[in-house]
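Please look over the chain shown below before reading on.

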Number of protein chains: 2
Amino acid sequence: MPSYTAPVKDMQFVLHDVLKVTEQDIPGYDELEADFTSAILEEAGKISSEVLQPLNVVGDKEGCVLENGVVRTPTGFKEAFEQMKEGGWTALDCDPEYGGQGMPYIMGTAVGEMMVSANMAFNMYQGLTHGAYSAIHAHGTDEQKAKYLPKMVSCEWTGTMNLTEPHCGTDLGLMRTKAAPQEDGSYKITGQKIFISAGEHDMADNIIHLVLAKIEGGPEGIKGVSLFIVPKFMVNDDNSVGARNGVSVGSIEEKMGIHGNSTCVMNYDEATGYLLGTEHKGMRAMFTMMNEARLGVGLQGYAQAAVAYENAVIYANDRLQGRAVTGAENPDGPADPLIVHPDIRRNLMDQKSFVEGARAFTFWGAHLIDRHVRGGDEAADGLISLLTPVIKGFQTDKGFEYAVAAQQVYGGHGYIEEWGMSQFARDARIAMIYEGANGVQALDLVGRKLAQDGGKHVMAFFDLVKSFIKENGGNEEFDKAFLEPLKTASKDLQAAGMYFMQNGMKNPNHALAGSYDFMHMFGHVCLGLMWAKMGKAAMDALEGGASDTEFYETKIATGKYYMARQLPATGMHLARIESGADTVMALDAANF
Amino acid sequence: MPSYTAPVKDMQFVLHDVLKVTEQDIPGYDELEADFTSAILEEAGKISSEVLQPLNVVGDKEGCVLENGVVRTPTGFKEAFEQMKEGGWTALDCDPEYGGQGMPYIMGTAVGEMMVSANMAFNMYQGLTHGAYSAIHAHGTDEQKAKYLPKMVSCEWTGTMNLTEPHCGTDLGLMRTKAAPQEDGSYKITGQKIFISAGEHDMADNIIHLVLAKIEGGPEGIKGVSLFIVPKFMVNDDNSVGARNGVSVGSIEEKMGIHGNSTCVMNYDEATGYLLGTEHKGMRAMFTMMNEARLGVGLQGYAQAAVAYENAVIYANDRLQGRAVTGAENPDGPADPLIVHPDIRRNLMDQKSFVEGARAFTFWGAHLIDRHVRGGDEAADGLISLLTPVIKGFQTDKGFEYAVAAQQVYGGHGYIEEWGMSQFARDARIAMIYEGANGVQALDLVGRKLAQDGGKHVMAFFDLVKSFIKENGGNEEFDKAFLEPLKTASKDLQAAGMYFMQNGMKNPNHALAGSYDFMHMFGHVCLGLMWAKMGKAAMDALEGGASDTEFYETKIATGKYYMARQLPATGMHLARIESGADTVMALDAANF
């Protein structure tokens, strides 16, 4: 059975040594003193390890069960959810006006990583509620906010997002769910939605569905889509729960993983719904949820790799098999532990350097959101909008890849469900698909975000890399190990962008055929930048006389690994991109 | 539900256009006329599609059940196994002296691909029997051969291989299973073996276990390991099945995939066993099985990718979602099929170019085995010995990667078990682990095979690449699209080998830390060579006035894709290798 120990020290390093949160001019960040964040992270780590993690395998084995229209969550989930609510964990970064604790999003992100590592399927019930909370908070009327938010902040009521229909996923313009306007200003919603995570379950008194539908007589396609609040139970004027609304679960899906979360077919049969935001502008309101959700999914990617890595390290230290090629390291034992073998280390270092790099990248992303939302910084908003598809697409691809790599360390035992390593891989797999499959993220990045606002956000990103290199050059060791590889990778990325500009105009396929590789290159450059920042922060700490030299030296060594062994991937991606669309588009559909 | 259509035409292309089997001076190859092989492949395709494939999902859902010491295989498996036997499919490439059909191994390989694509878990019952057959055929006494082989050729009796114990997998020197010599020349075998595929089931009258054990008083470690034949039921002098032997199944494992195959814990309690081959030389005899098994597992890798790809193409043509960026291609429909989108094509072309390249590589490998076994060519034996870890390691890593990529084409539906795409990925996952985890393959390649016989096999491989390039240069289009990328990739591979030679002597970690990357580079160069050969064969066919121009043009286009978009990976692997072991070995075990 796997275990989980929260990486509090690594998180503190990112918050305080790298991002230096208390020095940032962002409202609320002045409170994030090291002792304060450490106390929160220790507590979050405790509930994650002691309450959520032991339920992870239980959730996988039992799954959710649908009986007579009611979904039963796995044994222990309900009690754990109560503990989450009581501990105030669902309210951490929510608006105090509605019962939240008002902490910055970066703290919600750090705590979120722990809970996802401990139990991804479980954490989705709260995660989706948070997304729905954000959409109502951003687009709801005062009345709607007063009605729904307090109970959603406390997770007495949970939330969902309803986009997909059987015949349409990415292409939401094909949507068939209808909204018929009623005299009282409400709508009757009718249609079927699929893949609705946490669509029905037994852990909340009410479920607030956010549903995309087309108002009858509205514009065709995506321009006629509106967003509605559709509660499972009607909410009375005194905010108590009333009669059942016309929404029900049709079935739940058998999936590859995240068995502990109920993935529902939801049937809306003249269900009462309330317009959220503006008529026909549903996509805009939905994107409030989706951007947050995409960051959250990018977090899921590396968080699964993180817990899988942690368990791979334990096994690699425990399992005795073979001898070190340079001479026995455990001469009194029957064999040496796996971790002496270079290829086991190569595998573990790939995982470790990715996980820690992705953590820094994700925390940085959360910090950009805080900078925008709390500090009104529009440039930060532009940058995170550019980086969101990278965080989502790159980190979930790599997160799955490394969850699989961690499983590999276990040999045959990795394939046996009893050991729990298969679950990390199976659970991580969904993150590459939902909230926009990774191919769609790549399309979003290259087709939209690159050119957004005249390309100013991508230019800002390159400036950031350039100025970091300029400001921190001069130390021979650091230049060679960190700055030079970063410079090369960044140049590769710029060359790819240049290729798109020069060739995409005459044939957009030249850009889109390279979009996936571009997303991966971009991810590598971002993690390269993060490692350069972490390497610098660790060197500064050592120079400043930090006592825990081993910790900081390990950071530098791990960074060097990433720069030497991961960043060279950008050259391969560039070659793929520069080969253009011709070989990609050559075949007639019938000849595949 | 997925479907399967056997790629008969693609296989015929490899056999006849590329390998030109009838022109090879190998006994038995003269019979492999196009009509003959086509008839066999068509029939094998039929039983694969119609009988085995429909049971694939059944096997996954039902799994195997252990009740009162008996393992029940999934519904329909037993009947299908009878059909396999009746059709003579289990005897295809076995020795006619024992009831086999005596066909070359390459035909067994082609047919094997189909059956693995159709139903991997099912095919393992026969595959393991074939491995055990080969070991007895190579190392058994005449009496042993006469006793066991006829029933194993017909699969009335099936076989297993028993290596792993709870505390030892790769490091078999730690083995504890004991063999006590008896006065009649037999042995009493006592111990526990785990991960025994097809260890117990209800489809055969007897199961012939090949078991590694240590004869009491023999040498320590791996040098004291011998191989034994341990039948489930004793075999009487008239070859009828007699009393139950002291071997029983303790439990079966819950696994990530291949649920249709029973993975057993086998308990040997003074079971009667018969020495196979020489005392204390068990590893040598076992390697007869393992090399064949490793090729078979390499085949499983791409065969799962092949069927997953086939289904991804169907979905990409069916599913309407979005519009081509260059203008609607299905203007009368609500949307265009997925296959118009460049990134979907990029994904499908990655899969297609790998699958077809790996098929050619594997068939070539089988041809080398035939050249050695039937033709006595020792150089061919040396070459396939070098390439075996590449076929196993590279092809199973990539096979899994592309089964996952095929699943991705389905979006959310790929994650739902009902659609069957998850099973391909889950089943393919085991191939990276069993018969020597891929890290062990890399170690075998770099630590043993490269230097084997003074490095002459790897030199022979490079000569082969060089002479192909030399003999086929001069056509500008072919040079640019095929030969130049092949030359570059091959140079990268040579540079990596050179790095190992120059640095591995002073510190073997410099070689072993790069072993995994080397295995992947090697795989790419092999597939590059295969695509160059296939490209040339297709061009020759077109020049020769072949009527099916579209087929050959598709081959050329797919080859160009591989050369342009897959081969550049060698540069990345070389950079990783040349960064050496320092960053890999930097951390103390406690700092991971």
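The model is predicted, local features need pLDDT of at least 70, side-chain atom pairs count only at pLDDT 80 or more, and totals for chains, interfaces and linings use all residues. Residues are numbered from 1 along each chain as its sequence is written, chains are lettered from A and ligands numbered from 1 in the order in which they are written, and side-chain values use heavy atoms, with hydrogens and water left out.

**Domains and annotations**

The domain assignment, which is automatic or taken from a database, divides chain A into domain 1 (53-87 + 119-280), domain 2 (285-443) and domain 3 (454-587). The C-alpha centres of domain 1 of chain A and domain 2 of chain A lie 29 Å apart. Their contact, meaning heavy atoms within 4.5 Å, takes 25 residues from domain 1 of chain A and 18 residues from domain 2 of chain A.

The table gives the make-up of each span, where helices (H or I, at least four residues) and strands (E, at least two) are DSSP runs, numbered from the N terminus.

| Span of chain A | Helix | Strand | Distance between end C-alpha atoms |
|---|---|---|---|
| Residues 78-156 | 70% helix | 0% strand | 12 Å |
| Residues 161-269 | 0% helix | 50% strand | 17 Å |
| Residues 461-588 | 82% helix | 0% strand | 39 Å |

**Helix packing**

Two packed helices are described by the angle between their axes and the distance between the axes. Here axes are lines fitted to C-alpha atoms, for helices over the stretch in contact, and angles run from 0 to 180 degrees between N-to-C directions.

Helix α8 (residues 282-318) of chain A and helix α9 (residues 342-373) of chain A have axes that come within 9 Å and cross at roughly 150 degrees, and α8(A) and α9(A) are therefore roughly antiparallel to each other. Their crossing is left-handed, a term used if the near helix is turned anticlockwise from the far one by less than a right angle, with right-handed used if clockwise. Among the contact residues are Leu295(A), Leu299(A) and Tyr302(A) of α8(A), and Ile344(A), Leu348(A) and Gln351(A) of α9(A). By class, this contact has 16 nonpolar, two polar and two charged residues, where Ala, Val, Leu, Ile, Met, Phe, Trp, Tyr, Cys and Pro count as nonpolar, Asp, Glu, Lys and Arg as charged, and the others, Gly among them, as polar.

Helix α14 (residues 476-504) of chain A meets helix α17 (residues 549-565) of chain A with axes that come within 9 Å and cross at roughly 40 degrees, which makes α14(A) oblique to α17(A). The crossing of α14(A) and α17(A) is left-handed. Phe482(A) and Leu486(A) of α14(A) and Ile556(A) and Met563(A) of α17(A) are among the residues making the contact, which divides into six nonpolar, one polar and two charged residues.

The axes of α14(A) and helix α16 (residues 515-543) of chain A likewise come within 9 Å, crossing at roughly 155 degrees, which makes α14(A) roughly antiparallel to α16(A). The crossing of α14(A) and α16(A) is left-handed. Phe482(A) and Leu486(A) of α14(A) are also among the residues of this contact, with partners on α16(A) including Phe518(A), Phe522(A) and Trp531(A). The contact of α14(A) with α16(A) divides into 15 nonpolar, five polar and two charged residues.

Key: Parallel < 35°, antiparallel > 145°, perpendicular 65-115°, else oblique.
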